[in-house]
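Reader: I am new to this structure. Please show it to me, and then let us go through it.

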Amino acid sequence: MNNLTSINNTFESYQKLITFYENNKNQFFDEIHLNLFNFFAANMSAALGAVLDKFTSNLNRVYFDNISSQIEAILLKNDFLTYYGKQRAIDHNKTTIKFQKLKPTDGKYFKNYVIEELIEGHMADLPKMSQGVKEKMVEGIYEIFVNAQIHSKSDFIYTCGQFYPIKNKIEFTIVDTGVGFKEIINKRFSSNLSAVQAITWAVQDKKTTKVGVSGGIGLAVLREFIRLNKGKMQIISYDGFYQFDESDQVTRTFDGEFPGTIVNLQFNTDDNNNYSLKSEIELDDIF
């Protein structure tokens with residue numbers, strides 16, 4: 001029996017998910033039973049869905065034996081449990097950003113999903129921003145999808161989000177189960193970076209693994225907005241953990257490895273600033 005309890009967007013919660021994966025990754029033709037108790041951050045459905053698909057790809061059957069009523073309610077509203085035969089529930093409070101399991105070829109659909117579910121769907125919750133900033137945001141998030149599409153060779157890309165009104169936060173998560181930062185960068189540059197070193201390298205501005213193409217991988221744009229918004233960016237790849245906020249960046253190493261990459265973006269909704277590109281007010285580009 002596996003229990004996931006008090007799952008939030010913290011290093012400790014990601015460690016619990018990795019331990020769950022490590023404990024079951026070598027099972028084949030078996031039954032995997034799971035309980036969800038106390039709290040489960042709805043955006044983490046993307047990471048859990050990715051792990052459960054790794055198990056079912058080994059021809060295991062996954063069973064949710066016990067789910068706390070409050071957890072079940074939110075996972076029915078965000079469509080996650082409908083992938084496991086449960087009936088969808090209506091989100092009257094409009095706090096969810098739907099769980100999606102997409103093919104790498106679904107880039108156009110993903111872009112519309114980001115616009116409709118995150119940017120337009122939570123326009124009243126996100127800080128005020130100009131059309132140019134909105135487009136930069138969509139472009140940056142879409143580039144995370146494109147990187148998973150091009151580099152990771154993942155069969156599916158998982159995404160989900162959640163608005164937490166009491167905490168004044170929106171969490172938006174994108175997950176793949178393909179090749180991670182470390183393998184991509186070390187192969188491209190014949191280097192021997194750890195997972196943490198590879199992530200830290202990738203989030204720097206102007207860094208790219210694309211041959212003959214200048215510029216960064218897009219994360220730097222989001223990183224700057226998040227700094228101004230006092231939000232948070234987290235990247236989990238293999239055993240590497242990277243977190244950036246307005247004041248600091250933190251790196252840590254997990255015990256065990258996540259089978260792919262998680263990118264979690266946290267936006268602060270308690271932000272009265274009005275964001276515009278400098279180019280929109282006839283000055284140099286803010287980014």
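Reader: Is Leu 59 buried or exposed?

Author: This is a predicted model, where local features need pLDDT of at least 70, side-chain atom pairs count only at pLDDT 80 or more, and totals for chains, interfaces and linings use all residues. Residues are numbered from 1 along each chain as its sequence is written, and side-chain values use heavy atoms, without hydrogens and water. Buried means under 20% relative accessible area, exposed over 50%, and partly exposed in between (1.4 Å probe, protein chains only). Leu 59 has a relative accessible area of 52%, so it counts as exposed.

Reader: Where does Leu 59 lie?

Author: Helices (H or I, at least four residues) and strands (E, at least two) are DSSP runs, numbered from the N terminus. Leu 59 has a positive phi of about 65°, although it is not a glycine. Its place is the loop between H2 and strand E3 (61-67).

Reader: How many of the 12 residues of H2 are buried?

Author: Among them are Ser 45, Leu 48 and Phe 55. H2 is largely enclosed by the rest of the structure, because the buried residues number 10 of the 12.

Reader: Is Asn 38 buried or exposed?

Author: Asn 38 lies in strand E2. Asn 38 has a positive phi of about 70°, yet is not a glycine. Its relative accessibility is 57%, so Asn 38 counts as exposed.

Reader: What does Phe 28 count as?

Author: Phe 28 sits in the loop between H1 and E2. Its relative accessibility is 48%, so Phe 28 counts as partly exposed.
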